[in-house]
Amino acid sequence: QVQLVESGGGLVQAGGSLRLSCAASGRTASSYAVGWFRQAPGKDREFVAAISGGGDTTPHDADSVNGRVIVSVDNPRNMANLQMNSLKPEDTAVYYCAADRRFGPIALMASSLRYDYWGEGTQVTVSA
């Protein structure tokens, strides 16, 4: 079992930055790939970024955030981070981290169905 807890959300003005964290607990948490997703009111859950458990493979990010996010892992602390810059009002959503046993191509990692564990989410609100 892996438990995930997100933190770092909040209210920020457009153009600002936020750093989201995902704390993982469980015996083999650091070996899991981590995906970040978001869901805005009335919309489907959307892939944001993904990284391998070791952080040693080029991470993936969605076109909608390309160039504005940096995803990383901090294995000694069993944490994954999502640094978001140049935030836009359309980035407003609940952000979730998820864990998967395997890291693969973006076409696979972008599917929420492949992830075994999910956090409860953290709200990000970007004001115009």
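Does Trp118 count as buried, exposed or partly exposed, and at what relative accessibility? Select Trp118: at 27% relative accessibility, this residue counts as partly exposed, where buried means under 20% relative accessible area, exposed over 50%, and partly exposed in between (1.4 Å probe, protein chains only).

The model is predicted, so local features need pLDDT of at least 70 and side-chain atom pairs count only at pLDDT 80 or more, while totals for chains, interfaces and linings use all residues. Residues are numbered from 1 along each chain as its sequence is written, and side-chain values use heavy atoms, without hydrogens and water.

Next, show the aromatic rings. A search of the whole structure gives six aromatic pairs; rings of Phe, Tyr and Trp (its six-membered ring) pair if their centres lie within 6.5 Å, with planes under 30 degrees apart counted as stacked, over 60 as edge-to-face and the rest as tilted.

Go to Phe37 and Tyr115. Their ring centres are 5.2 Å apart and their planes at 85°, so this pair is edge-to-face. Phe37 is in strand S4 (residues 33–39), and Tyr115 is in the loop between helix H1 (106–109) and strand S10 (117–118), 78 residues apart. Helices (H or I, at least four residues) and strands (E, at least two) are DSSP runs, numbered from the N terminus. Both Phe37 and Tyr115 are buried, Phe37 with a relative accessible area of 1%.

Trp118 belongs to strand S10, 81 residues from Phe37 in strand S4.

Finish at Arg45. Its charged end sits over the ring of Tyr96, 3.9 Å from the centre; this term requires NZ of Lys or CZ of Arg within 6 Å of the ring centre and within 35 degrees of the ring normal. Arg45 also lies over the face of Trp118, 4.8 Å from the ring centre.
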